[in-house]
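Here is a quick look at a few surface features, written for someone who likes cut-offs spelled out. Have the viewer open as you read.

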Amino acid sequence: MSALPVYRWRLAPDGLATVRQLRVVGLRPGGSEAVAQVERPRWRRPPLVAFLYRIDHAVPVRPMTPARWAALAAANLARRTCPTCHRDAGYVIPARLGECVPCAFPDSEPCAA
């Protein structure tokens, strides 16, 4: 396996893009291999690395099907449902608390907003 060419931050040639850049224009790598990588230097830490793909080999993003929309809605509902009181909290339950705020702090008084 040969090493990928490495480009500095913002100095990659035209025709190459990261996965996020492809997604913005509605594309995905589509199984093609990375052809290069870009490195963003950071002070006293290792550089951030992103792989680059050829834009001309990218394929359109698959459309969301009704089943995928339903699965996404169910996953988001599960993230909002408190395991203690089984109510939809209306927000994503913090992993640090593990339950909605009223269940985590039952003795606290409600704020006077």
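Leu-72 is partly exposed, at a relative accessible area of 40% (partly exposed sits between buried, under 20%, and exposed, over 50%, with a 1.4 Å probe and protein chains only). Leu-72 belongs to helix H2, residues 66-80 (helices are DSSP runs of H or I, at least four residues, numbered from the N terminus). Together with Met-64 and Trp-69, Leu-72 makes a nonpolar surface patch of about 310 Å² (patch members have over 30% relative accessible area and no salt bridge, and nonpolar side chains are joined within 5 Å).

This is a predicted model, where local features need pLDDT of at least 70 and side-chain atom pairs count only at pLDDT 80 or more, while totals for chains, interfaces and linings use all residues. Residues are numbered from 1 along each chain as its sequence is written, and side-chain values use heavy atoms, with hydrogens and water left out.

On to the charges: the structure holds 2 salt bridges (a side-chain nitrogen of Lys or Arg within 4 Å of a carboxyl oxygen of Asp or Glu).

| Salt bridge | N to O distance |
|---|---|
| Arg-54 and Asp-56 | 2.6 Å |
| Arg-80 and Asp-88 | 3.1 Å |

Arg-54 is partly exposed at 35%, whereas Asp-56 counts as exposed at 55%. In the other pair, Arg-80 is partly exposed at 25%, and Asp-88 is partly exposed at 44%.

Finally, Val-101 is part of helix H3, residues 101-104, and is partly exposed at 37%.

Definitions and conventions:
Patch = residues over 30% accessible without salt bridge, like charges linked within 9 Å, V, L, I, M, F, W, Y side chains within 5 Å. Areas by Shrake-Rupley, 256 points an atom, 1.4 Å probe, with all protein chains shown as cover. Helix = DSSP H or I, 4+ residues; strand = E, 2+ residues; numbered from the N terminus.
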